[in-house]
Amino acid sequence: MQGIETSIPRRPTQAIISLDNLAHNFRLIKKIVGNEVAVMPAMKADAYGHGAIECARVLEAEGAAWFAVALPEEGVELREAEITKPILSLGGFWEGQEELLIQYKLTPVMFRLDLLKKLNAAARRAGVICDYHLKVDTGMGRLGVSITELENFLDAAMPLKNVRLDGLLTHIASADVMEADGYSNRQFKLFEQAQTLARKRGQYPRWIHAANSATLVAYPQAHCNLIRPGNLLYGNWRDTLRTDLAPQDWRAVMTLRSQIIFLKTVAAGTSLGYGGTFVSERESRIATIAIGYEDGLPRVLSNRGRVLVRGQFAPIVGRISMDLTLVDVTDITEATLDDEVVIMGRQGDAEITAEEIAQLAGTISYEITCGISARVPRIYKRQL
């Protein structure tokens, strides 16, 4: 259901993707890191819910040097959409996907010697040399070769002639936390040790990278020659960056909107929604909007969240259903049937951010945008 807007009538619930804002955020990142540092936008999870193909096309035109995905399957999707820049599979690959990497010219992140050997064997059969990036675990604790095992890994990889170490990377665990500054700096030092160990083994990978969104803003010394921005590209910064940093002109890329599809007046004492968790205290005008938790509006926002109608805030009342949600528009006297409702984004001078929704839901903005389901069409807008 994702793609450019069409004339096919649809339910009036849409995620509007501003490609202008995406390009703006990319340029702002480039301004921060300078022309000597290449940018690898994170396209994983369908570009954090924004639509990987359309976003990648814009970012490739803007000068992205690489793209990062989580899975080879995501890389294949980009290749089949004619994205030509190098693509890094951050999660490596599953056994049996070696030929897929070769066929689609995908570069895996490696951290297991057994899989590196399988990739080498597949590359030998195909008569090619496959590049890979080696991940060093400096303190994130998820994936990566530890410093204590790095020399052994490099030595064991040396005889593999059909794979080539083209990049070295790590991931900073708490760059968004000011109080974790000491921990982050220890990670940087361990990563420097890893680079030294690689050079001592005669390995000089072209690409050195450690900086995600939070790291690239808070720690200029970690830019190396390649950065991996994710959530910041999509304009969500309030729960991505350290709170002690001055805000910049980051612009939200996604607007989530729907419409009033039913409007009624109810008497005081009327129970609304599943379980009767909301009872009106006065005569009220209640609007039904065409969005629910299956679309990605968190059910935990029941009786807690809010939307925008005619530039004014309207509270969500009752339990959010799978497909429908109720809002109280009693104080918005002009509200009428078919009015636009903004669930996330700006309407007039008012705004509801992904970060606000995430805070109410007890999560992070990443999960909010990633959670907008596939049945919500992405409508791509560009003025340039």
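1. Start with the salt-bridge network: Arg11, Asp295, Asp323 and Arg375 are linked in one. A salt bridge here is a Lys or Arg side-chain nitrogen within 4 Å of a carboxyl oxygen of Asp or Glu. The structure holds 23 salt bridges. Side chains of opposite charge can pair when their charged atoms come close.

2. Before going on, a word on what we're looking at. This is a predicted model, in which local features need pLDDT of at least 70 and side-chain atom pairs count only at pLDDT 80 or more, while totals for chains, interfaces and linings use all residues. Numbering runs from 1 along each chain as its sequence is written, and side-chain values use heavy atoms, with hydrogens and water left out.

3. Now the chain as a whole. The protein chain has 11 helices and 20 strands; these are DSSP runs (H or I of at least four residues for helices, E of at least two for strands), numbered from the N terminus. Its C-alpha atoms fill a box of roughly 80 × 45 × 40 Å along the principal axes. Of the 384 residues, 54% count as buried. Buried means under 20% relative accessible area, exposed means over 50%, and partly exposed is in between (1.4 Å probe, protein chains only).

4. Contacts and surface of the chain. Taking contacts between residues at least 6 apart in sequence, 68% join residues at least 24 apart; a contact means heavy atoms within 4.5 Å. The accessible surface comes to about 17000 Å², and 50% of that belongs to carbon and sulfur atoms. Areas come from the Shrake-Rupley method with a 1.4 Å probe, and for residues only the protein chains shown count as cover.

5. Glutamate 62 forms one with arginine 27, with the closest N and O atoms 2.8 Å apart. This pair links distant parts of the chain: glutamate 62 is in helix H3 (residues 52-62) and arginine 27 in helix H1 (residues 19-33), 35 residues apart. Glutamate 62 counts as partly exposed because its relative accessibility is 22%, and arginine 27 counts as partly exposed at 41%.

6. Aspartate 331 forms a salt bridge with arginine 282, and here the closest N and O atoms are 3.2 Å apart. The two ends are 49 residues apart and both sit in loops: aspartate 331 between strand S17 (325-328) and S18, arginine 282 between strand S13 (278-279) and strand S14 (284-289). Aspartate 331 counts as exposed at 56% relative accessibility, whereas arginine 282 is partly exposed at 38%.

7. Arginine 346 forms a salt bridge with glutamate 351, with 2.8 Å between the closest N and O atoms. Arginine 346 is partly exposed at 49% relative accessibility, and glutamate 351 is partly exposed at 26%.

8. Strand S15 (residues 306-309) runs antiparallel to strand S16 (residues 312-317), and 4 bridges join them; two strands pair if DSSP finds at least two bridges between them. S15 is also joined by 2 bridges to strand S18 (residues 340-347), again antiparallel. Leucine 308 stands opposite phenylalanine 313 in S16 and opposite valine 342 in S18. The hairpin of S15 and S16 has 2 residues between the strands, and arginine 310 takes a positive phi near 50 degrees there.

9. Next, the rings. A search of the whole structure finds 4 aromatic pairs. Tryptophan 66 and tryptophan 207 form an edge-to-face pair, 6.1 Å centre to centre with 85 degrees between the planes. Rings of Phe, Tyr and Trp (its six-membered ring) pair if their centres lie within 6.5 Å; planes under 30 degrees apart count as stacked, over 60 as edge-to-face and the rest as tilted. Tryptophan 66 is in the loop between H3 and strand S3 (67-69), and tryptophan 207 is in strand S9 (residues 207-211), 141 residues apart. Tryptophan 66 is buried, with a relative accessible area of 3%, and tryptophan 207 is buried at 18%.

10. Phenylalanine 188 and tyrosine 219 form an edge-to-face pair too, at 5.0 Å centre to centre and 70 degrees between the planes. Both residues are buried. Elsewhere, ring pairs link Tyr48, Tyr234 and Tyr366 into a cluster.
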